[in-house]
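Subject: Structure handover

Hello,

The structure we spoke about is below, with the sequence alongside.

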Amino acid sequence: MRFAENGAPSEPSGLRLLPVAFSLYLVLALAGAIWMGLRDGHTRLDRYLRLDQLPLDLLWGVATGGFLVGLWWLGGRLLPEVRELETTLGSILSDLGPADAYALALVSGFAEETFFRGGLQGAFTKPGMGLLVSALAFAALHNGPGRAFRLWTLYALLAGVLCGGLVLFRGTLLPAIVAHVLVNTLNLQRLVRNRPQQPGAD
């Protein structure tokens, strides 16, 4: 356990952020689901998945997620700003365990796709306009100060376009959710594994 300068226990920053993050993602998921329900007149399970195309949906989701993860990994090899961002995010997520990272990846991927691709993108009668607006809004959510965070915003924009394209192409949210969860899972696990060690940590 780490301690503050006054000798009192210092709560890990990553664990302190988890309840806030889960609450925000719950609100996003509910808002997206209600949005879709109001638009359709009732809740439709086929907005999320269709059993007759399940194998291909999973395949497309894994392929898209794998591409995005590989692109970020390549960026880390070539661009110091990506490594700088990973160091910053790793510090924010200090003391987050692997199980916490899995849970955060699952909840965030499901909630964000439900809201941005299910609710926001589907609110437009022109599919291309819905894809563009939802991708821009998703990218705006992933921002911060400095060049490193601008790269994160551009990466989120690309991810939003690809996930939005998956929804238009396959007709369900499942491929986009799978891609999103895969990206978040692998990237968060890497951040947790490679985060800087805190002085005095057990």
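A search of the whole structure, which is a predicted model, finds six salt bridges. Side chains of opposite charge can pair when their charged atoms come close.

R170 and D57 form a salt bridge through their side chains, with an N to O distance of 2.6 Å. R170 belongs to helix α6 (residues 147-170) and D57 to helix α2 (residues 54-78), so this pair ties together parts that are 113 residues apart in sequence. Both residues, R170 and D57, are buried.

Another salt bridge joins the side chains of E81 and R147, at 3.0 Å from N to O. This pair also links distant parts of the chain, 66 residues apart: E81 sits in helix α3 (residues 80-92) and R147 in helix α6. E81 counts as buried because its relative accessibility is 16%, under the 20% cut-off. R147, in contrast, has a relative accessible area of 47% and is partly exposed.

R44 and D46 make a salt bridge too, their closest N and O atoms being 3.0 Å apart. Here R44 is partly exposed, at 30% relative accessible area, and D46 is partly exposed at 27%.

The serine is S108, which is found in helix α4 (residues 98-120). With a relative accessibility of 3%, S108 counts as buried. What does S108 contact, leaving aside its neighbours within four places in sequence? The residues in contact with S108 are Y25, H180 and N184.

Regards

Key:
Residues numbered from 1 in each chain as written. Predicted model: local features only at pLDDT ≥ 70, side-chain atom pairs only at ≥ 80, totals over all residues. Heavy atoms only, no water. Helix = DSSP H or I, 4+ residues; strand = E, 2+ residues; numbered from the N terminus. Buried < 20%, exposed > 50% of the residue type's maximum accessible area, 1.4 Å probe, protein only. Contact = heavy atoms within 4.5 Å. Salt bridge = Lys/Arg side-chain N within 4 Å of Asp/Glu carboxyl O.
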